[in-house]
Amino acid sequence: MRIFSNLSLSLLAASSLALTGCQQFTKPQLDPNTIQTESDQQFSLQGKIGVRTPEQTGSAFFTWVQQQQEFDIELSGILGVGKTQITGRPGEVSLNSAKTGLIQAETPEELLKTATGWQAPITHLVNWVQAKPATVQAQIQRDSAKRAVKIIEDGWSVELSYNEQAHMPNRLILKQALENGAENRITMVIQNR
């Protein structure tokens with residue numbers, strides 16, 4: 001559970017999605033719709049996150065507040081048990097829980113590697129929870145309403161689901177293929193925005 005708590009704290013990411021009427025994958029172009037603006041980097045999310053690896057499975061409730069380049073993420077189990085706090089700003093990220101104590105790093109990716117041994121593009125989550133690619137190298141599949149339903153980027157496949165006509169996803173499934181057909185999977189359900 002220690003690895004899960006640290007992983008989910010850093011990843012905050014991630015549904016079975018029937019893709020009907022979808023377009024082909026495309027490479028994003030540099031335009032105002034895909035460029036992150038300061039207003040895009042201000043949000044508050046609440047929900048549940050689940051992590052499944054070949055070695056471990058677990059879940060937690062989360063609250064994530066993003067203010068430009070600074071963030072505050074709180075993870076907890078049922079009734080607030082096992083609370084973990086993750087905070088960050090440019091050049092300084094920390095994870096604090098009763099199980100691990102304080103862990104610090106310069107980037108979210110470095111923190112994840114230190115805490116769990118995983119390597120993942122954690123900073124991309126700010127874009128992915130908003131249905132946007134993080135880089136111009138991403139491949140994007142869209143539905144008939146032009147919403148991103150799948151983003152393939154930096155070794156991860158992100159499937160996005162939406163409530164009815166919503167423009168922001170309420171569920172993300174992040175998958176990282178491993179050797180021997182195994183995978184790391186993070187499921188993120190956003191209950192409040």
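## Terms and model

Two strands pair if DSSP finds at least two bridges between them. Strands (E, at least two residues) and helices (H or I, at least four) are DSSP runs, numbered from the N terminus.

This is a predicted model: local features need pLDDT of at least 70, side-chain atom pairs count only at pLDDT 80 or more, and totals for chains, interfaces and linings use all residues. Residues are numbered from 1 along each chain as its sequence is written, and side-chain values use heavy atoms, without hydrogens and water.

## The sheet

Eleven strands, 11 in the record of order β6-β5-β4-β3-β2-β1-β11-β10-β9-β8-β7, form an open sheet with antiparallel pairing. β6 (101-105) and β7 (139-142) stand at the edges with a single partner strand each, so one side of each has no neighbour in the sheet. On average, neighbouring strands are turned by 15 degrees against each other, direction ignored. Axes are lines fitted to C-alpha atoms, for helices over the stretch in contact; angles run from 0 to 180 degrees between N-to-C directions.

Helix α2 (108-116) lies across β3, β4, β5 and β6, at about 135 degrees to β6. Contact means heavy atoms within 4.5 Å.

β7 joins β8 (148-153) through four antiparallel bridges. Here Q141 has K150 as its bridge partner. β8 and β9 form a hairpin with two residues between them, and D154 in the turn has a positive phi of about 50 degrees. I152 stands opposite S157 in β9. Five antiparallel bridges link β9 to β10 (171-177).

## The buried strand

W156, V158 and L160 cover one side.

Technical notes
Buried means under 20% relative accessible area, exposed over 50%, partly exposed in between (1.4 Å probe, protein chains only).
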